[in-house]
Amino acid sequence: MDQRNKTIVTDFILLGFQNRKEVEILLFSAFLLMYVTSLIGNSMIILLVCGDYRLHSPMYFFVANLSFLEVAITSTVVPKMLANTFSLTKAISFAGCLTQSFFYFLLGSTEFFILAVMSFDRYVAICHPLRYAIIMNKQTCISLLLGSYIGAFLSILPSSILTAPLPFCGPNVINHFFCDSAPVLKLVCADISLAELADFVSSAVLLLGSLLLTGVSYTYIIITIFRIPSVQGRQKAFSTCVSHITVVTLYYGSSIFIYVRPQKGNVMDVNKFATVLNTIVTPMLNPFIYSLRNEKVKDSLRDGVYKYVIMLTNL
């Protein structure tokens, strides 16, 4: 393309859901409610784990870090989406778009590593209970956490390096409510086959690789549970995994549908709703999934509320 005919893209337009004003107001209200619920619920989990000695164990350490990632991911996407609902331009700056995309995929990739680590934690707890405290010590937990962030960064690095120098010199309208990789790449005025391939390969390796590790862990867990002689013992062992299995199913189901497909552009509207499940609905449900089925968390929450009420009555 002739250099004089190139247009420098300084911002992008996020189309969002493109509904009537009444529907957009309804969606805004629903998303705002879910976002606030997610922030409160996940912050509550973090505070409970940090403040209650009964929750100072590897499992709750990773649950708290998962809650932190939930808060970070939703805050990367949702506030801008809510602001654009009533914006006339629905614009996001070029730098803001690339930054949003980078942190969304960095934090999201870290979540999948954390989910795999949590499955390993359950494997050690159920299959090697006598060695659990030795294997899952403080140093191991911190190393696994740091490894999750480093692994996530390395997994998105190739596609980020290939995408960053690509020229944007034409339309700047993104058919999404945030700067997802597929709709952004569609605006590039150059050959994107290599970038799309890197995007697909990194997504497939990350999602399917971490899912394989999770599957292997739960295969050994299930075998071990069936070897427990008492029904009560089997139920108790399995109950510690139900919350994690539920979260894994929600995350991997929608993410594999969105990202592990060579052709993504023809079902963009479906992708939007699948992304809502990942970025808004699941983060909102996580605190309920991990607290309502967990006696320790419920006891900690109950004691926390009681102490807060006592403190208010003494004012």
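Hi everyone, let's start with a definition: Ala, Val, Leu, Ile, Met, Phe, Trp, Tyr, Cys and Pro count as nonpolar, Asp, Glu, Lys and Arg as charged, and the others, Gly among them, as polar. What we have here is a predicted model, where local features need pLDDT of at least 70 and side-chain atom pairs count only at pLDDT 80 or more, while totals for chains, interfaces and linings use all residues. Residues are numbered from 1 along each chain as its sequence is written, and side-chain values use heavy atoms, leaving out hydrogens and water.

The largest cavity has 14 lining residues, and Gly16, Phe17, Glu24, Met81 and Thr85 lie nearest its centre. (On a 1 Å grid over the protein atoms alone, a cavity is a set of points where a 1.4 Å probe fits but cannot get out; lining residues have an atom within 4 Å of a point.) How do the lining residues divide by class? Eight are nonpolar, four polar and two charged. Helix H1 (21-51) and helix H2 (58-85) each give two or more residues to this lining; helices here are DSSP runs of H or I, at least four residues, numbered from the N terminus. H1 supplies the largest share, four residues.

Next, a helix pair. H3 passes H7 in a left-handed crossing, meaning the near helix is turned anticlockwise from the far one by less than a right angle. Their contact (heavy atoms within 4.5 Å) involves, among others, Phe112, Phe113 and Arg122 of H3 and Leu206, Tyr218 and Ile225 of H7. By class, that contact has 15 nonpolar, six polar and one charged residues.

Terms used
1 Å grid on protein atoms, 1.4 Å probe; cavity = no way out; pocket = protein on both sides within 12 Å on 5 of 7 lines; lining within 4 Å.
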